[in-house]
Structure formats: C-alpha cells, structure tokens
Amino acid sequence: MPGVHRDKLENYLSRMEEELDRTMNFWLNYSRDVRNGGYYVCLARDGKVYDDSKYGWLEGKQVWMYSKLYNESAKYGNAKILKAALSGGEFLLNHIKRPEDGRCYFQVTAEGEPIKIQRTLFTECFYALAMAELARASSLTKYREEAVKMLSLVTHWARIDDTQLGRPKLSGQEEANPIAVPMMLLYVIEEVCRDDEALHQTYSEDQEWAVQQILNHLQRRGQVVLEKVSEDGREISGSEGRLINPGHAIQAGWFLLQYATRKKNEELAKIAIDKFIMQSFEIGWDDMYGGIIYMLDANGYSPTQLEWNMKLWWPHADALIAFLMAYKETRDENFIKKFDLVFQYTFSHFSDPKYGEWFGYLNQKGEVTHTFKGGPFKGCFHVPRCLHMCIKILKELLKGKTVTNGLSNGGLTNGTDDT
C-alpha cells in the first residue's frame, strides 16, 4: 500500500491548526459573560450577542471543550482557558443542575433563571462530560464527584427507567429507540471513565449494552443504519422507522471504532468502519452538489422533516474525525481520499474567512441559510472538537513510519502506530 505524501498531511495539519485558532479566538472573545458567569452562545456572524438566553447542553459542551484543550494542547494549556472553563463549570453547578433530582435545565436566562427543561437526557450527558474534563484540568474533586453522580443517573435513565425525564407512555405509541441515546451513553462513559480503570470496570456492562443497542440500528441485512428501531431491534413502521440520519450514523461509527480500538475488537472495528462510517457516508453524500444530506428515507421517499436536504456543519465535522481515525487504524488510503473530499467541501462552504468559526446551516446547493455562529443547537463544540482531534491524529501519523515523502513502505494494516 503506497504511503501518503507527508506534505499532504502537513497541509491538512497547518490548515486545521489555523482554523482551530480562529475558532477559539471567536468563542474566547465574544461568548464569555463576565457579569453572570458562563457563556453567551447565541452569537451572530461577527460575534455579537443576539439573544442572551443560555442553553445548558451548550454551556456543558463549552466547559468540556475548554477543559479538553487545556488538558491536551500545549498551546491552550494556559490560565486564560482554565479561568474560562471554571467560570462555565460554576455556572453549570449553580444554575443548570436542579439539586433536588439531578435534572439539568435546557434553557436559562443570562442570570441563570430556568426557562425550559427537556424530556431527554442529553443536557445531563454534557453536564457529566464537562465536570469530568474540568476535574482533570483543575484537580478539584468536587467536579469529579459531580461527573460520577451524573453518570449514574444518566445510565439509570437510559437503561432502567426514564419516567423521571417526564416523557409519557401513550397507548398507541410504538416504542422507538433513537440511536442518539446509546451512542451518547457509550461516549459519556468513555470520557468520564478515561484514566480510571476501576470506574471503567463498573460501567463495562453498560458500555456493552450501549454497543449492542447501536448495532441494533444496522438494519435490512446490514444495508442501512436507521435512526430509530424498536426496543427489541426491529424496524418500526411508517416514515419515522425509515428515517436515515447519515451524520448520526457516522458519529456512532467513530464512537464504536474508538471503543473497539481500546478493547482490541477487530470485528467491531470493521463493522464500525464499513457499515456505520463508509456505507452511511456513501448513502448521505450528495453527488450533485457535494456535502452530506441531513436526512433521508430508506425507501427513497421525501422525508417529512422540512430541513431534510440541508447540509449541516456537525455531520461534516464528524465525518472528518471518522475518516482520519479509520485511516489511522487501517492505513487504507481510500479513507484519506474520503477525508479529502469532506475537507475540501467543508472548508470551502462552512468556514468563515472573515470572522472565524463555521456557518452551521446550508441549503442543498451549499448556500448559507443562517448566518449566526451560535444558537440553541450550535455552540463551541463540534467544530473545535473536530479540529482538535484531527490535529492530534495528524501529528501521530506524521510521526509514524508509514508516512514518507511519497515513498511506498508497505504501510501498516494492524492498527499499530509507530509514534
């Protein structure tokens, strides 16, 4: 297998390092609320605050992102980043988590007064992620304790009883399990328990459950990953049962691959790469205009979601992670080709050369439909996480013996890395 040209990887690395700097400057300069703590997340293209509401899951994501960069990046391991992370962490503790039951508010005022709570567990998941990473950054045990307590609650709601979330069970309702629940549980356990083998063992059976639940979404003899299936892993009826979200499938794929790599499970790694990442990408890629289509119907009908044919930022960010991770584990150059395809589309359509960060929403032709950089569902998370993870992988690849100045050396096919 021919080696990948070093200059190509160095070009990706240089561009992503520059993009990460511009992205983080955007959030550090415009989102901090110095009066109330935490972050403004509804930011216009130029960083101006157009709504001072705060969203709990985005506050958690931003704390996690700042803490992750502080812990893993020499450039961002400074007092400014840690101070910003601690400001968000205290806001989460004091205003987002409801002390009586552990639920987290989805939306609060700038001062932290509650506005809305959702009937899902995702804000709580990002609370746990934030607390775990902030504990590593600050060495404060109170954050670690918060992360472990929330992980216990999230696992209970996901696996045993979710009535506390407030979602009623109606008589005509077909039980449908969205892929987002097990994939988030898998990811949260992986992040919270990282570097703690005893805690990993405590939640090992829960991770195995999450993996099996994700695999249940691989339907029609392995030809498609469906967004929702029944509790016992069957395709459900109607348009809801036929829904495909390629971005979710690709994201679940790299979550599975990350887990499979740690567990040295080659069979699971192959399914993650072939079915969840590559197959889902081929289904979702728009051959006419480029980019990953947001939602599709497995039978070819028009999905009922009005935004189905849009191009969103986060599936492209996750595809970049997934293909680079797949290349690192297999040394199959086809994954670098797919990475490059997504890279070229993403950086030419989503990246904002004037103000930094990425636009979040494009129409099918790739034209920007929403100019804001942050809103209720887009914050300081998918873009910097993608860039940070890709930078780490690229640096590892550039240190490895398989990357040469265009000379073939046979490559590695066993997932090892000579770094």
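This is a predicted model: local features need pLDDT of at least 70, side-chain atom pairs count only at pLDDT 80 or more; totals for chains, interfaces and linings use all residues.
Let me start with helix α6, which has 13 residues and reaches 18 Å from its first C-alpha to its last, close to the 18 Å expected at 1.5 Å a residue, where the expected span is 1.5 Å times one less than the number of residues. Helices here are DSSP runs of H or I with at least four residues, and strands are runs of E with at least two, numbered from the N terminus. Of the 13 residues of α6, 13 are buried, so the helix is largely enclosed by the rest of the structure; buried means under 20% relative accessible area, exposed over 50%, and partly exposed in between, with a 1.4 Å probe and protein chains only.

Residues are numbered from 1 along each chain as its sequence is written, and side-chain values use heavy atoms, with hydrogens and water left out.

Now to the second largest pocket, which holds about 590 Å³ of space. A pocket, on a 1 Å grid over the protein atoms alone, is an open set of points where a 1.4 Å probe fits, with protein on both sides within 12 Å along at least five of seven lines, and lining residues have an atom within 4 Å of a point. Grid points are joined across faces, edges and corners, and the volume is the space filled by probe spheres set on them. The lining has 21 residues, of which Gln258, Met325, Lys328, Met389 and Lys392 lie nearest the centre of the pocket. Helices α2, α6, α10, α12 and α14 each give two or more residues to this lining, and the largest share, 6 residues, comes from α14. By class, the lining divides into 6 nonpolar, 3 polar and 12 charged residues, with Ala, Val, Leu, Ile, Met, Phe, Trp, Tyr, Cys and Pro counted as nonpolar, Asp, Glu, Lys and Arg as charged, and the others, Gly among them, as polar.

What about salt bridges, and how many does a search of the whole structure find? The search finds 37, each being a side-chain nitrogen of Lys or Arg within 4 Å of a carboxyl oxygen of Asp or Glu. In one of them, Glu133 pairs with Arg136, the closest N and O atoms being 2.8 Å apart, and both residues lie in helix α4, 3 residues apart, about one turn of the helix. Glu133 counts as buried at 0% relative accessibility, whereas Arg136 is partly exposed at 23%. Another bridge joins Arg144 to Asp196, with closest N and O atoms 3.2 Å apart, and this pair links distant parts of the chain, Arg144 in helix α5 and Asp196 in the loop between α6 and α7, 52 residues apart. Arg144 is partly exposed, with a relative accessible area of 22%, and Asp196 is partly exposed as well, at 26%. Salt bridges that share partners join Lys68, Glu72, Glu133, Arg136, Glu191, Arg194, Asp195 and Lys392 into one network.

Asp195 sits in the loop between α6 and α7 and is exposed, with a relative accessible area of 70%.
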